[in-house]
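Please look through the sequence and the structure shown here before reading on.

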Amino acid sequence: MAWHKKILRVNLSKGTCESEPLNLKWAGKYIGQRGLGTKYLSEEIDPKVDPLSPENKLIIATGPLTGTAAATGGRWSVICKGPLTGAIAASNSGGYFGAELKFAGWDMIIIEGRSDKPVYLFVQDDKAQLLPADDLWGQDVWETEEALLARHQDPQIKVAAIGKAGEIGCMYACVVNDKHRAAGRSGVGAVMGSKNLKAIAVRGTQGVPVANPAEFMAATTEAKKVLAEDAVTGQGLPAMGTQVIMNVMNELGGLPAHNHRDVQFDGASKIGAEAMILPRPDGSTNLVKNQACFGCTIACGRISKISPEHFTVKNSGKEWGASGGLEYESAWAFGADTGVDDLDALTYVNFLCNMHGMDTISFGATVAAAMELFEIGAITTKETGGIELKFGSAEALVEMALLVGRGEGFGLDIGLGSKRLCEKYSKPEVAMVVKGQEFPAYDPRAMQGMALGYATSNRGACHLRGYTVSAEVFGVPVKMEPSATEGKAEITMAFQNATSVVDSAGICSFATFAWTLEDVQKQLNADLEGDWSLERLLETGERIWNLERQFNLSAGLTKADDTLPARLLKDAAKTGPAKGKVAELGKMLPEYYELRGWTPDGVPTNATLDRLAL
Amino acid sequence: MQRSLQIDPEKCTACMQCELACSYQATESFNPSQSRIKVFMFHETARFVPYTCTQCAEAWCMKACPVDAIQVNAETGAKEVIDSLCVGCKVCTIACPFGTINYSQSTGKVVKCDLCGGDPECVKACPTDAITYVDADWTGLDKMRAWAAKTDSQSGAQA
C-alpha cells in the first residue's frame with residue numbers, strides 16, 4: 001500500500017508511454033522519491049553522461065506519503081544528473097502536482113531519450129500520451145498551464161512545466177508546478193528542455209490507499225497536533241513564512257551580502273517578513289495571504305501583490321494579480337546578495353522567475369557575481385548591453401530577470417550560472433559556488449556546521465541537505481555554538497541522513513522543525529507494508545546519502561570538490577558576531593569522512609558499502 | 001439542536017485536508033476526486049474557498065428526485081442520498097442551484113454532503129477553523145461578535 005506499484009516509462013525518442021511494475025525491493029531499501037529515484041537513475045544511466053544529452057534521464061518521483069492525509073504530504077521530486085553541477089540532482093517541490101500524479105495511479109515517471117519536436121505529457125489516470133507542444137514552446141510557465149487547462153477543458157488538471165529558460169538551456173532552469181512552486185535547483189528544468197518536453201499535465205481520480213488505515217489516521221492526527229503546538233510550525237511559519245529568518249540571520253552576521261563580501265546587509269529589515277506586512281501609503285501590504293501546499297497544515301507559502309504604483313508594474317504595461325511571494329532564500333538572493341532593498345522589486349523578480357522557470361537562488365546569486373565583475377571592471381556596459389550592473393540597483397536586477405527569462409542579450413551570460421559566467425570573464429574566484437551550484441542564504445563563516453554541510457552536499461551548495469542552522473541558531477534538536485567546529489561533523493552527518501529520509505518519504509523538511517524522526521516513522525510505518533522501525537529509517541537515510549556519493553564519484557567528482565570558495569576559507573567576516581572568522585572546513589572534513597566510514601579521500605570503504613548493503 | 005457547516009474563506013489556506021478527510025470517510029482512501037467538499041483556488045485574487053452543500057430547508061435536489069432517493073435525516077437536518085433508491089438520473093444535479101450534488105461514474109449514484117451523520121470529518125481536519133460546525137440558528141454569531149468588537153463604546157451601535 002501507499003504505492004500503486006506502477007511506474008510510467010516515457011520514451012521521448014520512440015514516442016512511447018508504458019506501464020511497468022514498481023521495484024518494491026528497491027522501495028524497501030530506498031523508501032521513495034529522492035532515494036528511490038536516485039536508485040533508478042544510478043541503475044539506468046552512466047553517471048558520466050552529458051546532463052543535457054538524450055542519455056540523461058528525468059525522473060519524476062513521489063514518496064509513500066505523497067497524496068495522503070499526512071501533514072505536508074504533497075511533496076515530489078525531480079531526479080536526474082544536474083547540468084549546473086555535473087552531480088546528482090534531486091529537486092524537491094510542493095504544490096498540488098505530486099499528489100495529483102499519485103491520484104492518477106502512478107508512483108513515478110521515468111522520462112528518457114529526446115523528442116524530435118516539442119511535446120507535453122498528458123496523464124489522465126491510466127491513460128498517458130505524448131501530445132504536440134509546438135504552440136506552447138516559447139510560452140511562459142503560467143501561459144502554458146492556462147493553455148493546457150483550457151485545451152483539455154478540465155480546471156482540475158495540475159501542471160508542471162518549464163519556461164523559456166528551460167527550453168534554451170539556462171543552467172539553473174527549474175520545473176515549476178501550480179504556478180509558483182518549483183523543483184528549483186541544479187538545472188533540472190534545462191534537462192527537461194533538452195528533451196523537448198514542455199510540460200506534464202496530470203489528472204487523477206484513483207486516490208491513495210494506505211496499509212493500516214486506522215493506525216495511519218491516528219498517527220497523522222497526532223503528528224498534526226505536534227505541528228500545531230510548535231512555535232515555529234504552528235505560529236512563526238504560517239504568520240511570517242520562511243522570511244521570519246531574515247532579521248535573525250542579519251543580527252547573527254550570517255546574512256551573506258554583496259556576493260559574500262559582507263555578512264550583514266543594511267537593508268535586511270526592508271526585505272524581510274516584517275516589511276511584507278508593513279502597510280503602504282494606500283493601506284495595502286505586500287503580503288496578501290498565506291497558502292499551503294497539498295496536505296500541509298503549516299501553510300508557510302506567501303501570496304503577495306506588488307503595488308500597482310511600483311515602477312516594475314508600471315513599466316510592464318499590464319496588471320499583475322497576486323502570486324507566490326518571497327521566501328527567505330529568494331529574498332536574500334535577489335536582495336541582500338545584490339544589495340537591493342526594494343521589496344516590491346524583489347517580489348516582481350520572484351514572479352518573473354516563477355513565470356520563466358528560473359531557480360531564484362542561483363539567478364540572484366549569479367546577478368550578484370555579475371555585479372562584482374562589473375564593479376572590478378571584468379565586464380563593462382559593453383557586455384551588459386548598456387546596463388549599469390551595480391550593487392543596489394533594483395532596475396538592473398529587474399532587467400537581468402527579464403533578459404534571462406527571454407533568453408536575450410546579457411541574459412544568456414547570466415543564464416550560465418556564476419561558475420561559468422566568472423570563468424568566461426577570467427575571474428573564477430568571484431563565483432560563490434560549491435560543485436558549481438550557488439550558495440543559499442547562510443554564511444558559513446557565522447555557522448561552521450553549514451561550512452561542512454555546503455562542502456559535502458551531494459548536489460552542491462544547498463541548505464536543504466543538512467540544515468545545521470536548526471541546531472546552531474534555533475537550538476533544534478539541541479543548541480550548538482555556531483562558531484564551534486567540535487561536534488559539527490557528527491551533527492552534519494545526522495542531519496544529512498535524516499533529511500534523506502524526509503525527502504524520500506513525500507513530506508516537507510519544514511515539518512522537522514517540530515517532528516522528530518520518530519513522528520515520521522509512526523506515519524510511514526502505518527502507511528507502508530512491512531516493519532519500518534526507527535533504526536531501519538536511520539540506516540536507510542545513510543544508505544541514500546552514500547548512494548548519492550557513489551553516483552557523484554562515478555561521475556568524476558572527487559574530494560577536491562568537497563570544498564568552499566577561497567573567499568569563505570580565507571577572507572574573514574568583516575562585521576557582526578562572527579567578525580574575524582573564516583569557514584574552518586579543514587578542521588571538520590577529515591572527521592566527517594571518518595564518521596561516514598569513508599577513506600581520507602572521501603570514498604566509502606568496502607566495509608561501509610557492505611554494512612549499508614550497497 | 002441542528003448544526004450547520006460554516007465556511008470562512010478568509011481562513012482557508014487551500015491545504016486540502018478537508019477533501020482528504022471527506023474522501024477517506026466515504027471511501028477509506030485518500031482521493032479528493034471523491035470528496036463532497038471542494039476547495040476552489042482563485043490564484044490572482046488570492047482567495048481559497050471551500051464549498052459544499054448547505055443543506056437547504058426546502059432542498060431543490062430532494063424535490064426534483066422522482067424516486068424519493070433524497071431524504072431528510074431528522075436528527076442532523078442533512079439531505080441524504082439513499083443509495084438503494086437512487087437510479088442515477090441526475091435530475092437533482094440539474095435542480096441544485098449550487099452544484100453541490102454530483103453524479104459519480106464509479107457508483108452510478110449521486111453523492112452529496114451528509115454531514116457525516118452529525119460529526120463532519122472536514123471540520124475536524126481543518127487546521128485553521130475555516131470550516132466549523134455551529135448552531136444552525138446562529139451561523140452569524142461570529143460575524144456579529146467581530147462587528148460588536150469594533151463598535152465604539154462611546155457612540156454605541158447604530159442600527
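A salt bridge is a side-chain nitrogen of Lys or Arg within 4 Å of a carboxyl oxygen of Asp or Glu. The model is a predicted one. One pair that meets the definition is A:Arg34 with A:Glu548, whose side chains are joined at 2.7 Å, N to O. These two residues lie 514 residues apart in the chain and so link distant parts of it under the helix assignment used here: A:Arg34 belongs to helix H2 (residues 33-44) of chain A, and A:Glu548 to helix H24 (residues 534-555) of chain A. Side chains of opposite charge can pair when their charged atoms come close. Over all chains, the structure holds 41 salt bridges.

The next level is the domain. Chain A is divided into three parts: domain 1 (6-203), domain 2 (242-437) and domain 3 (444-611). How far apart are the centres of domain 2 of chain A and domain 3 of chain A? Taken over C-alpha atoms, the separation is 27 Å. The two domains touch, with 25 residues of domain 2 of chain A in contact with 32 residues of domain 3 of chain A. About 2200 Å² is buried between them, and carbon and sulfur atoms give 63% of that area. On the side of domain 2 of chain A, A:Leu252, A:Val434 and A:Lys435 supply 30% of the area buried against domain 3 of chain A, more than any other three residues.

A:Lys435 also has a charged partner: its side chain meets that of A:Asp562 in a salt bridge at 3.0 Å, N to O. The interface of domain 2 of chain A and domain 3 of chain A has 3 salt bridges across it, along with 14 residue pairs in polar contact. Which elements of domain 2 of chain A each supply at least two residues to the side that touches domain 3 of chain A? They are helix H9 (245-251), helix H15 (360-375) and strand E16 (433-434) of chain A. The largest share, 4 residues, comes from H9(A). By residue type, this side of domain 2 of chain A divides into 12 nonpolar, 7 polar and 6 charged.

The last interface is the one between chains. Chain A brings 38 residues to the contact and chain B brings 24 residues. The area buried between chain A and chain B is about 2200 Å², with 60% from carbon and sulfur atoms. How many salt bridges are there between chain A and chain B? The count is 0, whereas 15 residue pairs are in polar contact between the two chains. Helix H7 (213-229) and strand E13 (287-291) of chain A are the elements that give two or more residues to the side of chain A that touches chain B. H7(A) gives the most, with 5 residues. That side of chain A is made up of 20 nonpolar, 14 polar and 4 charged residues.

Strand E13 of chain A leads on to a sheet. In chain A, the order E13-E14-E15 makes an open sheet of 3 strands with antiparallel pairing. E13 and strand E15 (323-324) of chain A are the edge strands, each pairing on one side only. Strand E14 (residues 301-304) of chain A pairs with E15(A) in the antiparallel sense over 2 bridges. A:Ile303 has A:Gly324, in E15(A), as its bridge partner.

Key: Residues are numbered from 1 along each chain as its sequence is written. Chains are lettered from A and ligands numbered from 1 in the order in which they are written. This is a predicted model: local features need pLDDT of at least 70, side-chain atom pairs count only at pLDDT 80 or more; totals for chains, interfaces and linings use all residues. Side-chain values use heavy atoms; hydrogens and water are left out. Domain bounds come from an automatic or database domain assignment. Contact means heavy atoms within 4.5 Å. Buried area is the accessible area (1.4 Å probe) that two parts lose on being put together, summed over both. A polar contact is a pair of N or O atoms within 3.5 Å; within protein, one must be able to donate a hydrogen and the other to accept it, and residues adjacent in sequence count only if both atoms are side-chain atoms. Ala, Val, Leu, Ile, Met, Phe, Trp, Tyr, Cys and Pro count as nonpolar, Asp, Glu, Lys and Arg as charged, and the others, Gly among them, as polar. Two strands pair if DSSP finds at least two bridges between them.
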